[in-house]
Amino acid sequence: MQTALPPLRIAPAGPGLSERGDEPAPSTGENPLAKFFPPYVEGDERLDRWTSIPYIFVHTVGIIGAGVAIAYGQVTWVDVLLCGLFYYLRMFGITAGYHRYFSHRAYKTGRIFQFILAFIGTTSLQKGVLWWAAHHRQHHKYSDQERDIHSPVQRSFHWAHQGWFLCGRYDRTDWERIQDFAKYPELRWLNTNFRGPAIGSVILMFLIGWLVRGDVMGGLRAGLWGGFFSTVLLWHGTFTINSLAHVWGSRRYKTTDDSRNNFFLALITMGEGWHNNHHYYQSTANQGFFWWEVDFSYYILKVLSWFGIVWDLRTPPKHVLENRAASA
Ligand SMILES: [Zn+2]
Ligand SMILES: [Zn+2]
């Protein structure tokens, strides 16, 4: 007998309920994937060791390593460049890939580039692509309402920023919300083995650094700045959209959530800072709706579209652009 559940509690799957227990199930009997995946189980909010230990380890090595290098005056422009390069390359994998493509299908591409996008995003160590996109769809469905899994309005800023990501409760992929991409075996494989590309990329940086400079220290520096420290920045850069972009900035559109537009956040996230635009109209490949709203992910997607690598980039319809004054 199920009694009243506390807020945000996940009910076990049952007849007439989705796996999350919050809405009618969409024809689960017809889902050919159902037999391959275990049901979404009830979890708790204790830290998940498989997420938290690597998270703390990468922070410790990245911050102490960078601190020591700075203190001893050992930072070169190559280190800074490496850090920036792998930050923005992987941010593109998250924003253009994990977010705009896999979560919102804001444009189209072929199966190979789809995998490349997922792979680049996966090296950012933000769990699997299908896990990420499914949880993000949940965020939009309930944004800043009781069932939003990372709302700084419903819960604390810290919870929205990283607490929800580190706890075991939301560690399972919500397959029901991502059936459109779960049909690709290579994406399911990447989703399960998401740590491999991240670890592999740091090892590769180490080896390249070692080869180029000709000593182990060259490898360690490349691994520190391109891998560890840039991953720390990338985590927090991405997480600001779940935390800061719901509390800091301006609101052009009246939405049912507290999403904001923020120029600074748009710079560090390649355009994701136009979060109020995005919550108002989610399916566009551009989140900066006007020319002054910088959106580097979109600029890159636009260039890729000239070469036929991506196509059918969705942009906001006229009524959305004209609606801004009325909604402000
Ligand atoms: Zn979104
Ligand atoms: Zn949001």
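The axes of the two helices come within 7 Å and cross at roughly 125 degrees. That angle falls between 115 and 145 degrees, so α2 and α3 count as oblique to each other. As for handedness, α2 passes α3 in a left-handed crossing.

The largest nonpolar core has 45 residues, and Val129, Leu130, Ala133 and Phe229 have the most contacts inside it. At least two residues of this core come from each of α2 (77-103), α3 (111-122), α4 (129-141), α7 (185-192), α8 (195-213), α9 (216-239) and α12 (296-306). The largest share, eleven residues, belongs to α2. Leu130 shows what the surroundings look like: leaving aside residues up to four places away in sequence, Leu130 touches Thr173, Ile178, Phe181, Ala182, Leu187, Arg188 and Asn191. There is also a second, separate core of seven residues, among them Ala245, Ala266, Trp274 and Phe289.

How far can the picture be trusted? The protein averages a pLDDT of 87, and 85% of the residues score at least 70. Over residues 1-29, though, the pLDDT is below 50, and this stretch has 31 contacts in the model beyond near neighbours in sequence. Residues 37-41 likewise stay under 50, with nine contacts beyond four places in sequence. Where pLDDT is low, the predicted coordinates should not be read in detail.

Note on methods:
Residues are numbered from 1 along each chain as its sequence is written. Chains are lettered from A and ligands numbered from 1 in the order in which they are written. This is a predicted model: local features need pLDDT of at least 70, side-chain atom pairs count only at pLDDT 80 or more; totals for chains, interfaces and linings use all residues. pLDDT is the predictor's confidence in each residue, from 0 to 100. Two residues are in contact if their C-beta atoms, placed from the backbone, lie within 7 Å. A nonpolar core is a set of buried Ala, Val, Leu, Ile, Met, Phe, Trp, Tyr and Cys residues joined through C-beta atoms within 7 Å. A residue is buried if 20 or more other C-beta atoms lie within 10 Å of its own, exposed if 12 or fewer, and partly exposed in between; C-beta atoms are placed from the backbone. Helices (H or I, at least four residues) and strands (E, at least two) are DSSP runs, numbered from the N terminus. Axes are lines fitted to C-alpha atoms, for helices over the stretch in contact, and angles run from 0 to 180 degrees between N-to-C directions. Angles under 35 degrees count as roughly parallel, over 145 as roughly antiparallel, 65 to 115 as roughly perpendicular and the rest as oblique. A crossing is left-handed if the near helix is turned anticlockwise from the far one by less than a right angle, and right-handed if clockwise.
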